[in-house]
Amino acid sequence: MIYVFHKFVSVKSDTPSINDFIVDKITNSIENAVTGEVFNTEVMLLTNKERKEIKKADWQFNWHDELKKSDRQVYKLVTVSNDKIVHGLISVTDNSDHIYLHLIESAKFNKGKGKMYKGVPANLVAFACKVSFELGYSGVIAFVAKSQLIDHYKIMLGAKVLVANRMYIDTKEAKEIVRQYFKSFEP
């Protein structure tokens, strides 16, 4: 897979976003932080028409701007039982041989010590790996990490460093993540 690594070095976007999501737990879906109850999730394309669902004050990143970028697709994580509450967002680009993660963010109520649900960021990473498998890219995804989170991503996701703070998840690790969140999907 040497051909994949060449593209990781030159990301197609103007300035790569630096990811600082915390993978709190690898779950089977998302899990209530207090009760441990598990909720089945769906990841759905967020359309421009639905952007009113995303209130700027509730998010660290400007997802309205992200939706305007033609090289990206933004997806929302919701529960099967309630697709009106957005638990997390992810912005990705199809780079022809891997999926590039621009941004991942948990909803405000899923951050910090008082978070309501665990497993949101890992669920979104699993989705990106699944898309990579579906497109024939062997599950490979790439992203730029905050320097202080590199070890965290290595431990929690099995991510590897390509160069500096550019990281990727390769096939073996992608299979493990996808199998955890998408039981019926066989990469």
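Colleague: Which residues of H3 meet H5, and which residues of H5 do they meet?
Modeller: In this predicted model, Ala-122, Asn-123, Val-125, Ala-126, Cys-129, Lys-130 and Phe-133 of H3 are in contact with Thr-171, Ala-174, Lys-175, Ile-177, Val-178 and Tyr-181 of H5, where contact means heavy atoms within 4.5 Å, and helices are DSSP runs of H or I with at least four residues, strands being runs of E with at least two, both numbered from the N terminus. Residues are numbered from 1 along each chain as its sequence is written, local features need pLDDT of at least 70, side-chain atom pairs count only at pLDDT 80 or more, and totals for chains, interfaces and linings use all residues. Side-chain values use heavy atoms, with hydrogens and water left out.

Colleague: How do the axes of H3 and H5 cross?
Modeller: They come within 8 Å and cross at roughly 115°, the axes being lines fitted to C-alpha atoms over the stretch in contact, with angles from 0 to 180 degrees between N-to-C directions.

Colleague: And which residues of H5 are buried?
Modeller: In H5, which spans residues 171–181, they are Thr-171, Glu-173, Ala-174, Ile-177, Val-178 and Tyr-181, buried meaning under 20% relative accessible area with a 1.4 Å probe, protein chains only.

Colleague: Why are they on the same side of H5?
Modeller: Because they cover an arc of only 160° around the axis, taken from the directions from the helix axis to the C-beta atoms.

Colleague: What covers them?
Modeller: The cover includes H3, H4, E9 and E10.

Colleague: Switching topic, how many residues lie between E9 and E10 in their hairpin?
Modeller: There are two, and Ala-164 in the turn has a positive phi of about 50°.

Methods
Two strands pair if DSSP finds at least two bridges between them. Buried means under 20% relative accessible area, exposed over 50%, partly exposed in between (1.4 Å probe, protein chains only).
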